[in-house]
Amino acid sequence: MFEKPTLVNNVESFADIPIILTMGGKAFAECGGDGDGGTKLVCLSGNCNHRGTYEIPLGKVTLRELIYDAEFGGGIKDGKELKFYHLGGQSGPIGFPEQLDTLYTAKALWAQGLSVGSGAVVVLDEDMCIIDYLKKVSAFFIHESCGKCTPCREGNRHVYNILDKFTKGTATEEDFERLERLSETMALTSSCGLGQTATAALDSCLKHRKAEFEAHLQGNCPVCFPTNKEAE
């Protein structure tokens with residue numbers, strides 16, 4: 001912001017310093033597109049063909065190009081369909097195929113309810129259950145919570161337990177309201193950013209993929225209820 005770094009004590013910032021000093025700040029900024037100058041290190045992992053860390057010009061590459069182009073992710077492994085992708089680390093939002101043509105730049109992603117965050121991009125294919133994935137995210141925050149504040153300490157546990165009900169087929173319609181209420185409470189009252197953003201991925205899924213939650217109420221998930229699929 002204001003053409004000044006907000007974080008200078010990480011490896012990426014240190015790696016940029018000699019480049020900026022050599023070519024000049026203006027030239028480095030011009031490597032990127034309008035609004036977001038320079039480059040960004042992006043870590044691709046999950047179900048893409050070419051997992052690794054890539055340096056991309058900010059504002060010149062779309063999410064689709066990042067995941068599918070041969071010079072980056074190279075598409076989805078084994079020719080499967082992309083189901084969703086998790087941006088910016090565990091505290092980041094989740095994106096979906098209909099958002100793939102968004103430029104990888106802070107402003108463009110923000111307009112879609114997404115974010116750059118740490119630069120991590122976890123790619124998940126059609127075999128991954130969204131709710132099962134969210135349980136893993138919630139388990140991470142349970143482990144990482146320092147336990148100081150109640151909203152984060154207890155909120156993450158309750159979120160996990162409700163998500164677990166969905167994967168076991170015991171959830172009810174009332175659990176949607178409970179998840180939304182927990183998420184709002186944690187965001188507004190947690191003491192630090194960990195608790196405040198712990199449900200960012202959950203919020204994305206409730207907004208864009210509520211139907212998958214509803215399917216679990218009927219036991220319709222080949223991952224969580226494989227015996228039901230076999231019966232069909």
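Colleague: Where is the place of Gly 37?

Modeller: Gly 37 sits in the loop between α2 (25–29) and β1 (39–46), where helices (H or I, at least four residues) and strands (E, at least two) are DSSP runs numbered from the N terminus. This is a predicted model, in which local features need pLDDT of at least 70 and side-chain atom pairs count only at pLDDT 80 or more, while totals for chains, interfaces and linings use all residues. Residues are numbered from 1 along each chain as its sequence is written, and side-chain values use heavy atoms, with hydrogens and water left out.

Colleague: Why is Gly 37 called partly exposed?

Modeller: Buried means under 20% relative accessible area and exposed means over 50%, with partly exposed in between (1.4 Å probe, protein chains only). Gly 37 has a relative accessible area of 38%, so Gly 37 counts as partly exposed.

Colleague: What makes Asp 127 and Lys 80 a salt bridge?

Modeller: The term asks for a side-chain nitrogen of Lys or Arg within 4 Å of a carboxyl oxygen of Asp or Glu. The closest N and O atoms of Asp 127 and Lys 80 are 2.3 Å apart, and the two form a salt bridge. This pair links distant parts of the chain, with Asp 127 in the loop between β5 (120–125) and α5 and Lys 80 in the loop between α3 (63–68) and β3 (82–87), 47 residues apart. Asp 127 is partly exposed because its relative accessibility is 45%, and Lys 80 is partly exposed because its value is 30%. By this rule the count comes to 13 salt bridges.

Colleague: Why is Asp 175 called buried?

Modeller: Asp 175 has a relative accessibility of 1%, and therefore counts as buried. Asp 175 forms a salt bridge with Lys 165, the closest N and O atoms being 3.1 Å apart; that pair links distant parts of the chain, Lys 165 in helix α6 and Asp 175 in helix α7 (residues 174–189), 10 residues apart. The side chain of Asp 175 also meets that of Arg 178 in a salt bridge, at 2.9 Å from N to O, and here both residues lie in helix α7, 3 residues apart, about one turn of the helix.

Colleague: How many residues of each class does the lining of the largest cavity have?

Modeller: The lining has 7 nonpolar, 3 polar and no charged residues, where Ala, Val, Leu, Ile, Met, Phe, Trp, Tyr, Cys and Pro count as nonpolar, Asp, Glu, Lys and Arg as charged, and the others, Gly among them, as polar.
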